[in-house]
Amino acid sequence: MSEIEIKFVTRDNALPAFVEKVLPAFEQAGFSIFREPEMRLQNDYYDTADHLFQQEKMGFRVRGNNGRFEQTMKTHGKVSGGLHDRAEYNVALDGAEPDLRLFPGDVWPDGWQIEQVNDKLQRQFSTHFVRTAFDVEWDGACVEVVIDEGEASTGKNSSPIHEIELELKQGEVTHLFTLAKLITENTSVRLSDVSKAAQGYQLLNGLSPVISQMQPYLKLEQGTTTEEAFCRAVQQALSHWQKHEHLYFETGSVKMLGEIVKGARLLLQTVSLYLPVLQCPQLLSVHQLLMKYMQVWLWQDDLQSLRYLLSKKSLFNKCLSRYPALTSYLQGRKAGLIHAHTPDEILYSKQTNTLKILVAQLLQEKPWRQHSTAYSLPVMEHAQGWLSQGWQTVQQTMPGSKTMTPENYLAIGVLLRQTLWNGFLLADLFDEERHHFRAPWLDILTGIDELKALMMLRALATESELDELSDVFSWVDDKIANLMHVMERTRQAGMQGDVYW
């Protein structure tokens, strides 16, 4: 059977707030609510020693509840923001021991020898939680809402489980979104695409604060339709955002915030690029929400500049290591910026989760189909015009005859980034010359980030009023001069490049 669900995580026990605030909102909307008896569930997850199930992005568990046992196998399926659509297979057991041979033979990946895999099964981790379930019914639809409170454990390590899951039992996927919106409006939650099985594997294997880099270009083919290209881009942006949001909460690494914003910016650029073709009120509304939402994250540019300044791997380390008082001042500014803007609150906010739900709903319902047939045209029909328009704007903003100042470069940073995002979204339609054309402009964008950090260092060194920083100012001036020389040469080379489209 197929399982379609939306999953939220909460910061602590969600049940009291759910009963106090969310259930009344359901009742006010005219929904019928039926509370199920509380269940205390123990789940043991199994895999082979070489983690064959994990490699195939499958989860296999045995669940016990009041002396009754059931084994379940879930495939990875598809995830759009917080919407999960995956196959699920359940088989009743006489006891707690798993037996893969009880599943239908056609559920397994090609080449699996089930008898052998079954003999190699080992328990990897467990989840123990109390489940409170509600069936919510209206207009012929039924959605099961469950609140799970407990923990995942490997025996040595454990992590809490605080989840609200919505599973479609009857009706259309749009019914899931209706309930999801009411939940985000009435309690503090965060959309999640991390299953309990994935949470257990993270406990088992550890989780490092390593950024997951995007591919150089969004994967497209010559015949890719405009709708397909748009949906792939949105999926890429949401996936990058969600992945690094999870890493931020699990590791506390500040660099993950920069990747969250990167995903949000890619999402905004994707919607901005495709909106003239996929015109519909829903997409326009998402665009307006994204424009407003990005204002919430404007402080991130300063935070990432501070992070760059303080990195032991950066070009600043050799200079700043001689000035511990200045380094301490910069660290204080970094901590103050995070404290002032409370990223945890932003990510648990109604604004963040409403936006993600609306984007996931767009991918599911594709409302532009009701307004035009342009979505079915090959994206190649638009790509050349879009890329040319962006490139012409860059040329007009910084013509080859103009000598650029540091302020000029900082001013065109946003425009250049947007133009390069368009290249990321479309360049896979063209040949390998795309890399040679884009490389100098990507280098300039890196230079702009370094320039921002240098200008910030100069400003904060002045603001700190610390003694004996004259060498710092001289060092910054030298670095800016050298960087400007390199960037100007790179820009002249970039202006000579032949377009690839």
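**Ground rules.** I'm working with a predicted model, where local features need pLDDT of at least 70, side-chain atom pairs count only at pLDDT 80 or more, and totals for chains, interfaces and linings use all residues. Residues are numbered from 1 along each chain as its sequence is written, and side-chain values use heavy atoms, with hydrogens and water left out.

**Cores.** I started with the largest nonpolar core, which has 100 residues. A nonpolar core here is a set of buried Ala, Val, Leu, Ile, Met, Phe, Trp, Tyr and Cys residues joined through side-chain atoms within 4.5 Å. Buried means under 20% relative accessible area, exposed over 50%, and partly exposed in between (1.4 Å probe, protein chains only). Which members touch the most others? I found Leu416, Trp441 and Leu457. Helix α16 (residues 433-464) gives this core its largest share, 13 residues. Helices (H or I, at least four residues) and strands (E, at least two) are DSSP runs, numbered from the N terminus. There is also a second, separate core of 31 residues, and Phe31, Phe134, Trp138 and Val145 are included in it.

I then looked up Leu457 by itself. Not counting residues up to four places away in sequence, Leu457 touches Leu309, Phe316, Leu320, Leu326, Leu330, Val472, Trp475 and Val476. Contact means heavy atoms within 4.5 Å.

**α14 and α15.** How do the axes of α14 (residues 380-397) and α15 (residues 406-426) cross? They come within 10 Å and cross at roughly 160°, so α14 is roughly antiparallel to α15. Axes are lines fitted to C-alpha atoms, for helices over the stretch in contact, and angles run from 0 to 180 degrees between N-to-C directions. Over 145 degrees counts as roughly antiparallel, under 35 as roughly parallel, 65 to 115 as roughly perpendicular, and the rest as oblique. I noted this crossing as left-handed, meaning the near helix is turned anticlockwise from the far one by less than a right angle (clockwise would be right-handed). Among the residues that meet are Trp386, Leu387 and Trp391 in α14, with Ile412, Leu415 and Leu416 in α15. Leu416 was already in my core entry.

**α8 and α13.** The axes of α8 (residues 281-296) and α13 (residues 350-365) come within 10 Å and cross at roughly 150°, which makes α8 roughly antiparallel to α13. I have this crossing down as left-handed too. Val286, Leu289 and Tyr293 are among the α8 residues meeting α13, whose side includes Leu355, Leu358 and Leu362.

**Ser314.** I found Ser314 in the loop between α9 (300-310) and α10 (317-320). Is it buried or exposed? Ser314 counts as buried because its relative accessibility is 11%. A polar atom of its side chain lies 3.1 Å from the backbone oxygen of Tyr308. Leaving aside neighbours within four places in sequence, Ser314 is in contact with Tyr308 and Leu309.

Lys57 is in the loop between α2 (52-55) and β4 (59-65). Glu468 is in the loop between α16 and α17 (470-495), and its relative accessible area of 73% makes it exposed.

**Ile338.** My last stop was Ile338 in helix α11 (residues 324-341), partly exposed at 22% relative accessible area. Beyond its neighbours within four places in sequence, Ile338 is in contact with Val254, Trp299, Leu303 and Pro343.

Definitions and conventions: Polar contact = N/O pair within 3.5 Å; in protein donor to acceptor, adjacent residues only side chain to side chain.
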